[in-house]
Each structure stands twice: as structure tokens, then as C-alpha cells.
Amino acid sequence: MINPLLLTDFYKTIHHMCYAEGISKLVSYWTPRMSRKEDVDKVVMFGLQPFIKKYLIEYFNDNFFNKDKETIIKEYKRVISRTMGEIAADTKHIEALHDLSYLPIEIKAVSEGTRVNIKTPMIEITNTHEEFSWLVNYLETLMSCNIWQPMTSATIAYRYREIIKKYFDLTVENGEIKRACGDFSMRGFSSLESAEVSSAAHLLSFVGTATIPSILYLEQYYNCDLEKEMVGFGTPSTEHSVMCSYGQDEYKTYETLITKRFPSGNLSIVSDTYDYWRVITELLPKLKQDILNRTGKVIIRGDSGDPVKIICGDLDASKDSPEYKGTVELLWDIFGGHINSKGFKVLNEKIGTIYGDSITVERCEAICENLMKKGFAASNCVFGIGSYTYQYNTRDTFGFALKATHSVINGQESFIFKDPKTDTGSFKKSQKGMCFVYKIGEDILYEDQLTIAEQKVKGENLLQTVFKDGKLIKDYSLAEIRTRLHGDF
């Protein structure tokens, strides 16, 4: 395994030689500096705890502190001297850290599951030992590449839930919001780790996922147990290889799946392998009684075309075509259902639909809105959210950055900050000095330009210690994070 002191950008390795002489303390803050997502002005705090457990504790102990110092230093010198030059390959600071035998770092953070306003600091990090101020921002790269994605995905999942809740409140009588969206994104991610942390973030707001590792990730890092609580669920589903394996006799395919392979329980069937509209208008009526006789729901899944038109209908299509009505209305015509107390149609409990191709926040809302206009409850369609939603993001989606704002040099406190004149939108402007984070109503706000003493007397700072000197101080559970984020999950 790689020495954790090499899990950084090259330029970090020489900063211990560059800081002002006499520096004994550095304080930095992790902040979402902007939002590139419409109608999103708060970011969900999530993903710091696994980073602390996995890297700051387990990885550092196994691959640095518990390793032979000579071996560690030799490898560090080999890499840095041959890539950055001999001057850059100084190791006295690393030897001192190894001798100390723990990370002299304190991390304070808002509670996981908190929604923090854009531009408000979420995390404070500082050194607890005067010799190691260089270590504070040395950890930035490793920390950033581990936590921006879970925070981003958790925030986007929350936005989906906001939309679903809006339309459930308007059109649904007895529906579970947490089952309205499933995560389909694993195959579209760049790594297994990215997939599991993003899907874990999705599971803060919903319980459906196709990403098995995310459930085990939450058990490992967030104190939950799938045998005792609702962590996440999958749904038996087919793919095109299954449907094609029967040849083009689709009636036989559906009959076999519905009556023999899965005669009970929920079953999602991808239905556009050949002719999606023929499946609905010709095959399902023939199988109607078999479907109604089952215990469980048959779920029809479209996988191509415009999601809004496929589910809700295409008003530009011929009025006597199935395309004009769309999936939900066609299923209503075949299987019926009931009208709930809010006056909206709800499909028979034995039949349903899901759409999981190219779903976006905008398309999700358009589908819910169009179903409502047609007199159908939003619960008639489940959404599969894939990498089109969760992978098409970067650290800059919410402008995450860790910036130094306070130092102690030769015993004197000093406010430090960046404020580039060329940054016309003040996007990169940092805070100054120590920060105090507090809540007013639903907003998490902050005050900066404080000394260490002034910060301490301001009151209860929402930035609370979660890690100090190699030890985890606060250990959150999935259940309390969900409760904090949603109230009644």
C-alpha cells in the first residue's frame, strides 16, 4: 500500500519549507462556495466519517505509523527526489510525525445530515501540536477527493426527494416517498469506491438501490444493520439479455417470467427490447388475469426514448396511438385502479411502471407535473436515477474547497485569506480568521474574522469536534442522519 504522505499533490510536499517562519498553528475551513444546480442553495453534510475511519485512522495506522520508519522514509525519498529534486525530498517533518505516532489534527464539523447554506463553512481543521501546522492543508487533497462526491450526491438526492414530496403532498394519499426513487448509477461511475459512496448518499433520502456495495458501506461506516433496520432494498429485475434469450416470442417471455420464474413478489421487466407499445397494448391484456392473480406487482420498465413522453404521453402523436396516451394511462385502461381521497387515479396494486434511463431532476418534475395534469397520482411511477444524474458532477458543482483563514506566527494570531481581484464573482474569496457557525430558522450561517478566544465565547458553535489526535470523537448512525435530514424518514 502507498505511504499516505504520498497520497497528495506534488506541491503539498514542499509547503512545510515555504510557510512563514515561526508558524505554529494553521486553521482551514471546508466550504461550498457556490451552486451550479438550479433551486439548490444548501449542501448536505455527508461522507466525512468514512474518510476519517478509513484513511485518517485505519490507513495511516496500517501504512505509516505501524510501518518501519526507515522503510517509510526510504520510499518517500525515492519518489520525491526523482520527481521533484533533492531539495524537495526533505523528510525531517515526516520523521517527526512518525515519531509522534498519531495525527496531531483536530477536525470540527457540522453534524452529518445537516443542510448547510452555500458559503457557510462545514468543516474546520487545525493542528494540535505546534510542529505540525504544515499537516493541515497537506491533507486537503486526500480529504477533498474523498468527500466532495458523497456531499454532492446527497444534496442532489435531497433535491429529488423535495420534488417527490411536493407532488406526493398534492396527489398521493398513502405513499412512501422513500421508495419513489432508486439508484441505478453503479455501472456509470469511474470506480467502485465512487459508486458505493454516491449510492450511500442516495440512501439518505431513499431506500431503493441497485448498488449492493452501498449497503455494506453504510453498515461498515455508519452503524447500521440491514438485518435490523431499513438500509436499502433491491428489486428483482430483468435486463435485455434475459429478454433476448427467449427470442422474439415475447408472449412466452412474459408468461414464463410472470407465472413460472417469479409467480409472486415484485418483478420489474424491461419492456422495450423490441416494441414497447406492443408489449403494453397486446401482450399485457392477454396476461391480465395472470398478473392480477399474482401476489406482488409487475413493474413495466421503459428504457429508451423521451422519459416524459413515454410515461405521460406525447401530445404531438396521433390521438389514437398508444404513444399519445403514454404508459400510465395505458396501464389504467387495462388494469384500472382506484381514485384516492385527493381525486387522483392510482393504478391497480398489481401493476406499475418505472423509468430509469436519462432521468434528471427536471424530467422527474416534468413527469410528476404531467401525471398530475392528467389526473394521476405521482406514485404511479418510480424513478431510477443513474450516472446521468450522479456522475455528471465535479468538485466545482458546489465549489468545494479547503482554505486557510487563520494562523499563529511567532505567538501572534493572524487572519489570512484569499480575495483575487480577477475573481469577479467573488467565487474564490475565502473567510478570514476563525469562524463561528450557527443556525437561524432553517439556515446555517456563519460569522468570521474572530480570534480563537472570540470564537470560543460566541456560544454553541455548530462545528463540533469529530476527530482529534488520531481518534474518532463522534460516531454517527445512518438512522440519526436520516432523521436530521428529513425529520420523519
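**Exercise 1. Locate Tyr-55 and Tyr-59 and describe how their rings pair.**

Solution. Tyr-55 and Tyr-59 both belong to helix α1 (residues 48-65), where they are four residues apart, about one turn of the helix. Helices are DSSP runs of H or I with at least four residues, numbered from the N terminus. The model is predicted, so local features need pLDDT of at least 70 and side-chain atom pairs count only at pLDDT 80 or more, while totals for chains, interfaces and linings use all residues. Residues are numbered from 1 along each chain as its sequence is written, and side-chain values use heavy atoms, without hydrogens and water.

Next, apply the pairing rule: rings of Phe, Tyr and Trp (its six-membered ring) pair if their centres lie within 6.5 Å; planes under 30 degrees apart are stacked, over 60 edge-to-face, the rest tilted. The rule gives 15 aromatic pairs. One of them, Tyr-55 with Tyr-59, is tilted, at 5.6 Å centre to centre and 40 degrees between the planes.

**Exercise 2. Decide whether Tyr-55 and Tyr-59 are buried or exposed.**

Solution. Buried means under 20% relative accessible area, exposed over 50%, and partly exposed in between (1.4 Å probe, protein chains only). Tyr-55 has 12% relative accessibility, so Tyr-55 is buried. Tyr-59 has 10%, so Tyr-59 is buried.

Methods:
Helix = DSSP H or I, 4+ residues; strand = E, 2+ residues; numbered from the N terminus.
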